[in-house]
Amino acid sequence: MPTRRQVFEARQRRRANLIAAASTGGVLLALVILVPLTPGWEAVQRAFFNGSVFARTFPGLLQAFLMDVAIFAWSAPLIALLGLVLAVARDLRSPALTPVRLFATLFIDVFRGLPVILVIYLIGFGIPGLGLPRPWNSPYIWGSLSLILVYAAYNAEVLRSGIDSIHESQRAAALSLGLSGGDTMRFVILPQAIRRVIPANMNLFIALQKDVALLSFIGPVEIFRQAGVYKSLLANFTPYVGAALIFLAITIPATRYADHLMNRERQARS
């Protein structure tokens, strides 16, 4: 039997949901009615929402998106591994390992401080400019390396925040039981830290999936570049809308899943 408070809270939630649905529906209805009334709507519709162009180019965009998926697939594990190494290196407490800790700190500061596109240009054009033989002059390799370096720096900071969130008493308890510093990090600190930062890392990897499109500036023919090719051939911007829909089909479910993980983690702590 629900209590009076539970009944009241349920009624308030229903009321809030109805108001939110009504306001959202009103805004959408206004957009549907008002936007087509603007003077330039017909021109915008032909340029961005051309059904025949969409049907003609969408299969090619899906094919090009496989390259985005492939770059993401081989970059993500390397980012996770390098980020973990950097996070652990930043947490080293032995005085003899101070140079390692300083190098990890410098690495993170540099690659977090540079725009992703600038790193892609510097590495993607700079290293192949050394005259390396095939396949070591491939923009796929050096473009992927650019993403790995930048996102590993962000991932390391996320992991370090997870490590710092573990209470110092757990480290002291593990050491008092005879575990070494390395075993304490491996078996006590890291398992808890990684579990706590899974939602934040999910958001990072969602951003990575989108930033793969930046590699088009140094040559790889992925979905963004393919959309640009279609735009030039057909003199129409609809392929960019198709590319946007493909990205949204991937990123929106992943974002909602990340939010679910964050809410579950928040509830577990409360």
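## Aromatic pairs and a helix contact

Tyrosine 240 has a relative accessible area of 28% and is partly exposed, a class between buried (under 20%) and exposed (over 50%), with a 1.4 Å probe and protein chains only. The model is predicted, so local features need pLDDT of at least 70 and side-chain atom pairs pLDDT 80 or more, while totals for chains, interfaces and linings use all residues. Residues are numbered from 1 along each chain as its sequence is written, and side-chain values use heavy atoms, leaving out hydrogens and water.

Rings of Phe, Tyr and Trp (its six-membered ring) pair if their centres lie within 6.5 Å; planes under 30 degrees apart are stacked, over 60 edge-to-face and the rest tilted. By this rule there are 13 aromatic pairs. Two of them are tabulated here.

| Pair | Centre to centre | Between planes | Type |
|---|---|---|---|
| Phenylalanine 72 and phenylalanine 205 | 6.5 Å | 90° | edge-to-face |
| Phenylalanine 224 and tyrosine 240 | 5.8 Å | 40° | tilted |

Phenylalanine 224 lies in helix 10 (residues 223–234) and tyrosine 240 in helix 11 (residues 238–269), so this pair ties together parts 16 residues apart in sequence. Helices here are DSSP runs (H or I, at least four residues), numbered from the N terminus. Phenylalanine 224 is partly exposed, at 35% relative accessibility. Ring pairs link Phe224 and Tyr240 into a cluster with Phe48, Tyr121, Phe125, Phe217 and Phe237.

Phenylalanine 72 lies in helix 3 (residues 51–90) and phenylalanine 205 in helix 9 (residues 198–211), so that pair joins parts 133 residues apart in sequence. Phenylalanine 72 is partly exposed, with a relative accessible area of 22%.

Methods
Helices (H or I, at least four residues) and strands (E, at least two) are DSSP runs, numbered from the N terminus.
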